[in-house]
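Dear colleague,

Please find the structure below, handed over for your reading.

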Amino acid sequence: MKFNNIRYIVFLSFLFITWLGASAQKPDEQITIDGKVLDKNRVPVPGVNISVQESRKSVNTAADGSFSLRCSSSDMIIFQMPGYATLRKAALELDSAAVILTPTLLYAGDKDNVYIPFGVRKKREVSATISTLDGDKLPQLPSSSLNTVLAGRLPGLFIYQNGSQQPGYDVSSFLIRGRSSYNNNQEAVVLVDGVQRAFESMDPNEIESISVLKDAASLSWYGMYGANGIVYVKTKRGTASGTKVTLDAQGGIQTPMRIVSPLDSYTFASLYNEAQQNSGISPLYSPETLQAYQDPSSDSYLYPNNNFINSFTKDITPVQRYIGTISGGNAFIRYYTMLSFLNQGGFYKGADNPLYDANTNFKRYNLRTNIDLHVNKSLDVSLDVGGRITNLRFPRAGTANILDAIYNTPANAFPVLNRDGSYGGTSLFNSNDNPLAMLQAGGVSTDVGRNLLATIDVKQKLNSILEGLSLNALYSYDVRGLFRYGFTQSYELRELTSGGTYNTYGTAAIATYASNEFRENFRNNELWIGFDYDRTFGDHGVNFSTRFNSRVATTFLALDEKRQGISNRLTYNYKQRYFADLIGSYYGSENFMPGKRYGFFPAFSAGWILSEEQFLKNAHFLDYLKIRGSYGLMGNDALTTLSRRFSFNTTWNRGGTGYNFGTSFAGANGSTERTLGNPDLTWEKVTKASLGFDSRLMKQAVTLSADYFYENRKDLLTASLLPNILGQSLVAVNEGEGEYRGFETDININKKIGAFNLNLFGNYTYTKSKIVAINESAGLPAYQKRAGQAISSVLQSGSYISSFLKADGIFQTQEEIDNAPVQRFSGTVKPGDIRYKDINNDNVIDNLDFVNTDYNFVPKSFYGFGASASYKSFDIAFLFQGTGGRTISIKDLINSGTNNTGYINQFSVNRWTPETAATAEYPRLLTADRSNNTQNSDFWLRSGDYLRLKNAEIGYSLPSSVISKFRMSSCRFFLSGLNLLTFDSLGDLPLDPELPEAGYVTYPYMRTWSLGVNVKF
Amino acid sequence: MKTNIFFLIAACAGVLISSCNKDFLQDGSIPADGDVTEQQFWGHPDWSRNFLNNIYATVDHRYNLLDNWSMLADATDEAVCSNLNSSINNFTNGTWSPVRTVDDVWTDMYNGIRKANLFLVKAPASNIIPLDGLTFEQDVARLRGEAFFLRAYFHFELVKRYGSAVIATRVFNQDENLNLPRNTFEECVEQIVTDCDSAIARLPQWTKSWVDARKGRATQTAAMALKSRILLYAASPQYNPSNDPAKWQRAANAAKAIIDLNLHKLYTSYTNIFQWNVSGAAYNDEVIFASQTYNGFDLDRNNAPVSYDAALGRTNPTQDMVDAFEMKTTGRLITDQKSGYNENNPYSGRDPRLDMSVMYNGQTFKSKPVETFVGGKDGLDVNVNATKTGYYLRKFISEPAVWYGATTTSRRRPWVIFRYAEILLNYAEALNEAQGTAALAEVLKSVNLIRQRSGVAMPALQTTNASGNGYMEPTKEAIRARIHNERRVELCFEEHRFYDVRRWKEGELYFNKPVTGIRITRNSDNTYKYDRFTVQQTRLFSEKNYLFPISQSELNRASALGQNPGY
């Protein structure tokens, strides 16, 4: 701790000194600059155009390369000459210095920057595999999560929605390339401006670029925490220009894509009767009741026929987004500021009362100010402040409970309102099942989240010590807080009894303020400090970076989490044609025993631009070809399956389960031994290899890249299978191993024909995984073992399942059952039940007939393709995204419901009956002894492959003749949509292939349409 | 100037980088989440004492055995679970197997045994501060006595299910060979008896020997009761195929030892044995050892008839169970011609324990009549949770418990593991088997104590007056039958039937057939018609079902255990 404090004090005094240096400037003084422009061999370059940024003032260099120009001390001076890279320099720093121009090479231009961890390279120099997407290419959509608009755009990056899509959540996960761990710990790390931060709730307008770091050459820098891949986001910064203002306004609608539809009372009741009869129970609904359900004139209080979906959900919900940005600067100060507002409505109907509206609503305010100070010739300071405030309102009963009531309450359960105006309910659906009462009288909650992200970044050139050396320090301070407030209210449900009186359930209470609830408080500090050395010696370019890194994350009820390490990178290039990188980092993790917690993670990569070699110079179709490869080691200390921190120790719990003794039954405290620790616990050792090429063909119209990759992960956690007579379980051991291999490819075609601009793009990734080692019981039959199989599982009820029975259709006759092996999952098996295959040929179907399969919710392949085109004032763009080799389970959908609803739902119509035996899709209905038909089996598995028009946008820009009258520099109107079209093989199932739980368990997946205008001044 | 700044910066950077020391990371010496180290743990007087409390937590109530508050009684001819999907049915529907286990306590019990063994080893070296005026040695001895009892009890829980187990009398180490074969049944019995004796030597005599704050802890009589039960099991046909009378005599002696202490007695109210909110009922003299009290209303909500505030009517006693209750006046079974049973008024004049154990049509509960007739508010098929037999559970259920509305009311009920009535029955049964009619007087004395408990007052059993009340033939077999029936009635729904039928080797007789219920139809003149019916539920029992299967996943870890025959 002591060292820690000293470090911050030292860091602060360092900042103070740099500010002292900065105070020496005098801005906006008229000066004359003289100088000489030379090429890299120090030969004068005549005819170079030298201009002051954003002014018409310009001069050309004389024959001896000299020039003289009058300007202000805060101006930025631009040197332009065909064949040479454009150079920008602050006027003050040009004073009598020689200006060196370097010749332009392909992929070394102004727009070819690639951001690598704590460095920037030209595209040609990079030998790692990094895919980058410009922030400008993100579709303009009013979406609460950026993840939804990123899917399908980058090779090797798979984004899958895996949780609630309710406004403000939009839960999704990143997977980079593939899975080599059968434990669920392969979530990629997201870094925003080099620091670990949440990304999905940023506004697209904050983002300069999103890069995906995929191979050893880029990830070894992060030692123990980058092994799952990194999504590296850079925020926008100002340029030395006049003030630029942009305004955006978007308004749109969202519509649920697929959602269950309810059964009417008659159908429900008759199917329920059938299910009871099949279970040997006499039917609940009498013929008279059934008749009454069918007769529209019968008393709707006694024979209700609700459609909860129609009554309580909206078909259309509104969404809006407004963004304003201001940016600009001069040679010494540059700034970018942004403020945005998103407002997304919820899809509940009838949720307002005079006091509050309980319908879900999400409001988000994002702000960002990035300031760059060029203090003097050798000192640069950046100060970035980002923040967001989120306001998420939702019914206090909770989204899950309300959706359950809306989706799963039978149409005849109760009248929503009784004749006397009270809320209806029954003894079966009593606790929280009247959606109207829940929405209207159940209270409301609002989660207010506040997020502040601040970074200071200082770079001091140390040319006086060593030419090309600089010192860089970055310190971040992020805080996050969340609290909940709102109203609590409760209500009474009433049920009319046969005697004419009401049974009541619950007690009505008026709304009162809910007590404030702190739910989250979090602080994260990161420090990165170290040296860069960047210099060219003739044909030899050398770049070396080293950084010391430490991180402290603090939250309540926990010891601070800390991390530290040193990252180093050496880059060498020869003739800007041969490139090599050596990366080595040394990192430690708190998850392991002291003395066993630091590791060294080296990597090597190399690139070679073949197209610039003599033997390819004449290949005219080929403008550019680079081959590159990398190999290296990384670690992963995020062992999410560990039950507790510091599991290398066996610890003792002071507060275990207690027991009540004595005549006052006072709870006596308990205390106990924790799961036995594993002192040998270590990080996962991840080896990644990648080999690929980048190319540009056909007069630079086509760019094509491809990579083959392989990853092996050793020391995966796996259970230690000791006999239970030990009496205690053990922390998992590092005895597993997994791997994946595959390839990814990326193509981009640009064509300009007159005023017509066309861009086509596509990417494709294929992976194949394998479990090399995992601890499994010795007695397990071969077909139930996971070792040797793909790392795969199907998501069902929130758990991952890979073991299934093999279904063999549905039993049609008793004779067929008599001749088949005995199925031991339910008491009785009758025609209409699912028939399973006898895998081990013991003539009994039981748990020994489950087979480990490679059905997987993660696709074998994923891809995206699309186009953008513009013609004069019109532009259009679209993106398709798809997956291949993916499996989803419909078991929970088809069997949705409870004991109280008899598991009758819209799919029950397609059940097996003797009459419909030939066409039945699902087994017979049962209210009791259902286990034979609810086993995990491939009967319920469906292809989860899909191709989706993820988004499309059409725009029109006003001609400059019009906008100049309004002092605008551009004005564009556009119509944009998300999730517009889906192709899949699910037939009539009302289920989204991308997110199978949406619309029957969770909030539905939404299609979004939005109309917007973007104005630039 | 510039150079100076540089040196300063370089010096700062030097400090920063050299501070990449290993102290920065948490070293784990302060365990996260408020845990402590082993040394701190056993050095602390409270934590080491509390460790024993945590061992007790392995002993829990059995009201909510499997999903939906089903009880083990549902897996016998005592009752049916109204949730027909409950996994309690796996016991009886023929699907019970090593890959489909129910109530598999193998792991839980060994977890408890490990804790007991840890405590036995660690307590003498701990810093426990003695209580109740004892010296450190005396208090540690007493605490260890509790651990001995618990270890014995956990072993018994294993043996009664699996037939035998690996005896664990020390803390196993993760590095040693744990693939051990099971000890024989006899070795297990002797170990349990030995541990009981160790406990008896160290523990206070009975519940009332503990100060109020410590009532509920193990006692000598608890250990003696456990010894009585395990020896009774060991003498029973399941484990004593040669019917060695010495084993019966040993069991009888173990039961007699408790009776001779003359401490425990039958409680005045049969109902309130279990209702500890009732004044005077808590730790009543009949209860020898019980789990900590369950304090709640879910037990009532899950078992009350369905019309009572959305109750779920889970455990439904069978007609077979109801038939086992004798006639109050004659002390004869209803099958007896002379019993006075009227099948058109079947609930009148019955053993008072019927009222206290079973809710039947017309009985008053919470000031309302229970209506289990067809079409009644609690009747068959009225909703999915309605009774499947025509009856609901009454025993354990509390009338004052409130589970609905803004103010709920919890009621306290222990799960009684050993009570004095069982000891009397154990004694009667063992003595009859060991000595037959020679010990008739002693046997009758024991059984009749139970029959004549206050509030029950059934006619005493007798063998002398053939036409009198409570008559049975003076043969060992006839006496056995009545003792068995008395046990069935007195201890109904308390998890005895499941094991008693097994140890009597009568599984095929009672458990291999469907159970029955009663369909009551109300006539127009408000009288009722009673029709027995067979509950549509598979009930299978075969030879292998006498013992639980060892789960396949456990066998995969430890093949030396060996599977029980037939599985």
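Predicted model: local features only at pLDDT ≥ 70, side-chain atom pairs only at ≥ 80, totals over all residues.

A salt bridge here is a side-chain nitrogen of Lys or Arg within 4 Å of a carboxyl oxygen of Asp or Glu. One such pair joins the two chains: the side chains of Asp35(B) and Arg674(A) meet with 2.8 Å from N to O. Between chain A and chain B the count is two salt bridges.

Residues are numbered from 1 along each chain as its sequence is written, chains are lettered from A and ligands numbered from 1 in the order in which they are written, and side-chain values use heavy atoms, with hydrogens and water left out.

The interface

The size of an interface is often given as the accessible area lost when the parts come together. Chain A and chain B bury about 8,500 Å² between them (the accessible area, with a 1.4 Å probe, that two parts lose on being put together, summed over both). Of this area, 61% lies on carbon and sulfur atoms. In chain A, the residues that lose the most area to chain B are Trp652(A), Tyr659(A) and Ile725(A), together 11% of what that side buries.

The contact (heavy atoms within 4.5 Å) involves 101 residues from chain A and 90 residues from chain B. There are also 26 residue pairs in polar contact between the chains, both residues at pLDDT 80 or more. A polar contact is a pair of N or O atoms within 3.5 Å; within protein, one must be able to donate a hydrogen and the other to accept it, and residues adjacent in sequence count only if both atoms are side-chain atoms. Several elements of chain A each supply at least two residues of the side that touches chain B, including helix 1 (2-22), strand 29 (540-555), strand 30 (561-574) and strand 34 (652-661). The largest share of that side, nine residues, comes from strand 34 of chain A. Helices (H or I, at least four residues) and strands (E, at least two) are DSSP runs, numbered from the N terminus.

Loops of chain A

The loop between strand 29 and strand 30 of chain A holds Asp560(A) and Leu557(A). Is each of these residues buried, exposed or partly exposed, and what is the relative accessible area? Buried means under 20% relative accessible area, exposed over 50%, and partly exposed in between (1.4 Å probe, protein chains only). Asp560(A) is partly exposed, at 23%, and Leu557(A) is exposed, at 83%. Not counting residues up to four places away in sequence, Asp560(A) touches Gln26(B) as well as residues of chain A, among them Glu590(A) and Arg645(A).

Leu557(A) has a phi near 60°, a positive value in a residue other than glycine. Phe646(A), too, has a positive phi, near 55°. Phe646(A) is found in the loop between strand 33 (622-636) and strand 34 of chain A, and is buried because its relative accessibility is 2%.

A residue of chain B

Arg488(B) lies in helix 14 (residues 476-490) of chain B and is buried, with a relative accessible area of 13%. Leaving aside neighbours within four places in sequence, Arg488(B) is in contact with residues including Asp77(B), Glu78(B) and Asp320(B).

With kind regards
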